[in-house]
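The entries follow in the order I made them.

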Amino acid sequence: MQILNFGDAVAVCPRSPEKVSRILDMYEALAEVIPELKELYYGTPGDDVICDLEGVLGRLGDAVKGNLLEFGKVLQQESSRRPMMAGEIHPITRYVMNYLRLLVVYSDTLDKLLDEDAAGDVDHNASNGGADDDEEYLKSLTPLGHRLVKLMSYLEANLEEKSKLYEDGALQCIFSMNNTLYIVQKVKDSELGRILGDHWTRRRRGKIRQNSKSYLRISWTKVLSYLKDDGHGSGSVSLGNSSSRVKEKFKNFNFAFDENYRSQTLWKVPDPQLREELKISISENVIPAYRAFLGRYGSLVDNGRNSGKYIKYTPEDLENQLSDLFEGSLGSANHSRRRL
């Protein structure tokens, strides 16, 4: 009677996602001893006891499924409007991924519990695509796999909305990359990777690459526009006029670069590999363009007065400046700024 009463009390307690692991512990313990109890109790009275125990087991299973549904609702309805100032990993991302990593400890039990409603649990948009290979992927998942894909799709939709809180489109991309990479790493480093498979991971890595390209376009296209060759020094343009136009380009480049530097040294990319890849991508776009422009038109400025006002950086100086980005703290204000 104590077992029955306690089990019923647990099964009907208010729903809370944090209770799932404890309910699963009780479910597995009861499921394990029921076969032994059947040997202890026999006859009509024994059948009644076993029937009651199996009823409790079923209600515990329903409680698990109900709490998982509640967890999905929490993810869909969570609407905090305070952005992470540096674009770093959001607390909800850490919470959800740690929660899902805990669930996979009970993968065998959850596959049995979720199997009966797995067919109605398929979300054909959850893999972020509608191609035939996505359909095949979804069909290959276990019941728990279906539920995990759905819960992660809720998390990703939530993070997508949170990215829109940033006015700066480039910072939106940084936030998305940070959180998506964290999710991928948590999946790869646990049983989640086995359940979700490589297809799911490839989709997210593709999203990271797409956001990286968008970041470069949004953040550095304007800076690079001031280094475009538009015919300075040609025969139809006087040297004096050409010199003033070159100075204006250097001045605009310096202002745009400094503006990016001031803001993006405060942004944070926690993963060292992603941080380094972003810095390399920026350098590969900015440094050669600046070196070529400086080599071609630097002489039009360098011979005049106050040339240091316009040529503030050498290519090496820019490289040093870029090394400060995404560290989450203001970069050194005393980088070398040598005149050529």
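Entry 1: I began with Arg-22 and Asp-25, which both lie in helix α2 (residues 20-40), 3 residues apart, about one turn of the helix. Helices here (H or I, at least four residues) and strands (E, at least two) are DSSP runs, numbered from the N terminus. I noted that this is a predicted model, where local features need pLDDT of at least 70, side-chain atom pairs count only at pLDDT 80 or more, and totals for chains, interfaces and linings use all residues. Residues are numbered from 1 along each chain as its sequence is written, and side-chain values use heavy atoms, with hydrogens and water left out.

The side chains of Arg-22 and Asp-25 meet in a salt bridge, 3.5 Å from N to O. A salt bridge is a side-chain nitrogen of Lys or Arg within 4 Å of a carboxyl oxygen of Asp or Glu. Why can such pairs form? Side chains of opposite charge can pair when their charged atoms come close.

I then looked up exposure. Buried means under 20% relative accessible area, exposed over 50%, and partly exposed in between (1.4 Å probe, protein chains only). Arg-22 is exposed, at 62%. Asp-25 is partly exposed, at 31%.

**Entry 2: a pair between helices.** Next I took Lys-38 and Glu-54, whose side chains form a salt bridge of 3.3 Å, N to O. Lys-38 lies in helix α2 and Glu-54 in helix α3 (residues 43-77), so this pair ties together parts 16 residues apart in sequence. Lys-38 is partly exposed, with a relative accessible area of 43%. Glu-54 is also partly exposed, at 37%.

**Entry 3: a pair in α9.** Arg-194 forms a salt bridge with Glu-191, and their closest N and O atoms are 2.4 Å apart. Both sit in helix α9 (residues 191-225), 3 residues apart, which is about one helical turn. Arg-194 counts as exposed at 55%, while Glu-191 is partly exposed at 39%.

I also found a network: salt bridges that share partners join Arg-275, Lys-279 and Glu-327. How many salt bridges does the structure hold? I wrote down 12.

**Entry 4: a positive patch.** Lys-188, Arg-205, Arg-209 and Lys-213 form a positive surface patch. Patches are made of residues with over 30% relative accessible area and no salt bridge, with like charges joined within 9 Å and nonpolar side chains (Val, Leu, Ile, Met, Phe, Trp, Tyr) within 5 Å. Lys and Arg count as positive. Which helix gives the most to the patch? I found that α9 does, with 3 residues. Lys-213 is in α9, and Lys-213 is exposed at 62%.

**Entry 5: the buried side of α14.** In helix α14 (residues 315-322), I listed Pro-315, Asp-317, Leu-318, Gln-321 and Leu-322 as buried. They cover an arc of only 155° around the axis, so they are on the same side of α14. The arc is that of the directions from the helix axis to the C-beta atoms.

Entry 6: Phe-326 lies in the segment after α14. Phe-326 has a positive phi of about 65°, although it is not a glycine. Is Phe-326 buried or exposed? Phe-326 is buried, at 1% relative accessibility.

**Entry 7: the whole chain.** I ended with the totals. The chain has 14 helices and 0 strands. Of its 340 residues, 48% count as buried.

Technical notes. Accessible areas come from the Shrake-Rupley method with a 1.4 Å probe; for residues, only the protein chains shown count as cover. The place of a charge is taken as NZ of Lys, CZ of Arg, CG of Asp or CD of Glu.
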